[in-house]
Amino acid sequence: AAEAAAGLALRALEQGLRVRLAVSDGRGGSVEAQGRGRLRDVLALLAAVPQGDPRPQAFAELALREALAAGGGAVTLVTARADAQLIPVLRRLPGRAVQLVYVQGPWSGGSAAAVESWLQQLEAIGCRVTVVSALAVSSAPQIGGDGYAASGH
């Protein structure tokens with residue numbers, strides 16, 4: 001998930017867009033950046049994220065906070081876990097300008113049918129979903145760009 005987030009941030013920074021990266025690390029870590037020269041700040045934040053969430057609801061809370069702070073702007077969520085708590089949070093958002101990038105791998109937990117159901121529920125409430133295989137991310141070029149492109153679900 002960190003590699004996918006880094007790739008998305010790199011692409012946006014290369015296009016001159018402003019990027020805000022927030023992580024559910026229990027400390028409320030975030031960084032805002034614009035311009036490729038700020039990629040180091042984004043990568044430093046991602047590198048400091050501990051493995052696993054401190055609380056099960058941390059990611060859903062982060063998603064809500066960041067989507068509300070974006071004030072209707074687009075928000076891209078990147079996760080490697082199917083989080084059922086995310087669905088009621090996203091239902092509460094006006095406009096639902098949310099895209100979810102789901103990095104699928106052996107750690108995802110749950111059955112394939114349960115994950116598929118979760119993804120379908122997200123799409124049903126208007127969330128754009130992109131599924132990326134962990135194998136595709138790990139074999140992508142380390143410089144970002146097209147190697148981090150993902151197919152829509």
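## A helix with two sides

The exposed residues Arg40 and Ala47 sit on the face of α2 that is turned away from its buried side. Here, buried means under 20% relative accessible area, exposed means over 50%, and partly exposed lies in between (1.4 Å probe, protein chains only). Helices (H or I, at least four residues) and strands (E, at least two) are DSSP runs, numbered from the N terminus.

This is a predicted model, in which local features need pLDDT of at least 70, side-chain atom pairs count only at pLDDT 80 or more, and totals for chains, interfaces and linings use all residues. Residues are numbered from 1 along each chain as its sequence is written, and side-chain values use heavy atoms, with hydrogens and water left out.

**More on helix α2**

- Helix α2 spans residues 39-47, and its buried residues are Leu39, Val42, Leu45 and Leu46.
- An α-helix has 3.6 residues a turn, so residues three or four places apart point the same way.
- What covers the buried residues of α2? The cover includes α1 (2-14), β1 (18-22) and β2 (30-34).

**The whole chain**

- The protein chain has six helices and six strands.
- Starting at the N terminus, its elements follow the order α-β-β-α-α-β-α-β-α-β-α-β.
- The protein chain has 153 residues, of which 42% count as buried.
- Contact means heavy atoms within 4.5 Å. Among contacts in the protein chain between residues at least 6 apart in sequence, 55% join residues at least 24 apart.
- The accessible surface of the protein chain is about 8,200 Å², and carbon and sulfur atoms account for 53% of that surface. Accessible areas come from the Shrake-Rupley method with a 1.4 Å probe; for residues, only the protein chains shown count as cover.

- Glu66 belongs to helix α3 (residues 58-69). Is Glu66 buried or exposed? Glu66 counts as buried because its relative accessibility is 12%.
- Leaving aside neighbours within four places in sequence, Glu66 touches Arg20, Ala22 and Val75.
- Ile87 is part of helix α4 (residues 86-91), and Ile87 is buried, with a relative accessible area of 4%.
- Ile87 and Leu122 are 35 residues apart along the chain, and their C-alpha atoms are separated by 6.3 Å.
- With neighbours within four places in sequence left aside, Ile87 is in contact with Trp118, Gln121, Leu122 and Ile125.
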